[in-house]
Amino acid sequence: MTRLCVAIFVRSIEQAVRDAALAAEHGADAVELRIDTFNDADAVERLVNAITLPAIVTCRAEWEGGQCMLPEDERLNLLQRAGLASPTLAGIDIELKSYRELAAPPATHGTRTIVSSHDFQGRPARLT
């Protein structure tokens, strides 16, 4: 079964809710909320509770191709707050490098943690 997840670069709660509704109308099964530049933790908590589709929250660091300029501890805290804010959140996405440096996985009350790594040079041979 193919499932469709639409990335939404969040600028405001209203814009993200509107974009998620449009994505659902066009067949999306889930959304990825990119909060790289949407860094107000209280607003992120409101956002994840306002989205009706299953959602993954990502705050991608600049060194991993994102736009987040926050210090690493603040960026990871923002993701953790998102994970704690909504029991229906599908997941939070943390870079492999960041995950390896954590003393313990982020507390998320059951929200899944997705550990990702990005290769900007090409596709690994074993995926062909």
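This is a predicted model: local features need pLDDT of at least 70, side-chain atom pairs count only at pLDDT 80 or more; totals for chains, interfaces and linings use all residues.
Let me begin with the pair of helices. Two packed helices are described by the angle between their axes and by the distance between those axes. Here, helix α2, residues 41-50, and helix α3, residues 72-85, have axes that come within 9 Å and cross at roughly 35 degrees. The crossing of α2 and α3 is right-handed. On the α2 side, the residues involved are Ala41, Asp42, Val44, Glu45, Val48 and Asn49, and they meet Leu78, Arg81, Ala82 and Ala85 of α3. Of the residues in this contact, 6 are nonpolar, 1 is polar and 3 are charged.

I turn now to α3 itself. Its end C-alpha atoms are 20 Å apart, which agrees with the 20 Å that its 14 residues should span at 1.5 Å a residue. Which residues of α3 are buried? They are Arg75, Leu76, Leu78, Leu79, Ala82 and Gly83. Viewed down the axis of α3, these buried residues fall within an arc of 150 degrees, so they line one face of the helix. The elements covering them include α2, the strands β3 (55-58) and β4 (91-95), and helix α4 (96-101).

Finally, I would draw your attention to Ala16, which is found in helix α1, residues 13-25. Is Ala16 buried or exposed? With a relative accessible area of 0%, under the 20% cut-off, Ala16 is buried. Leaving aside neighbours within four places in sequence, Ala16 is in contact with Ile8, Val10, Leu47 and Ile51.

Conventions:
Residues are numbered from 1 along each chain as its sequence is written. Side-chain values use heavy atoms; hydrogens and water are left out. Axes are lines fitted to C-alpha atoms, for helices over the stretch in contact, and angles run from 0 to 180 degrees between N-to-C directions. Helices (H or I, at least four residues) and strands (E, at least two) are DSSP runs, numbered from the N terminus. A crossing is left-handed if the near helix is turned anticlockwise from the far one by less than a right angle, and right-handed if clockwise. Contact means heavy atoms within 4.5 Å. Ala, Val, Leu, Ile, Met, Phe, Trp, Tyr, Cys and Pro count as nonpolar, Asp, Glu, Lys and Arg as charged, and the others, Gly among them, as polar. The expected span of a helix is 1.5 Å times one less than its number of residues. Buried means under 20% relative accessible area, exposed over 50%, partly exposed in between (1.4 Å probe, protein chains only). The arc is that of the directions from the helix axis to the C-beta atoms.
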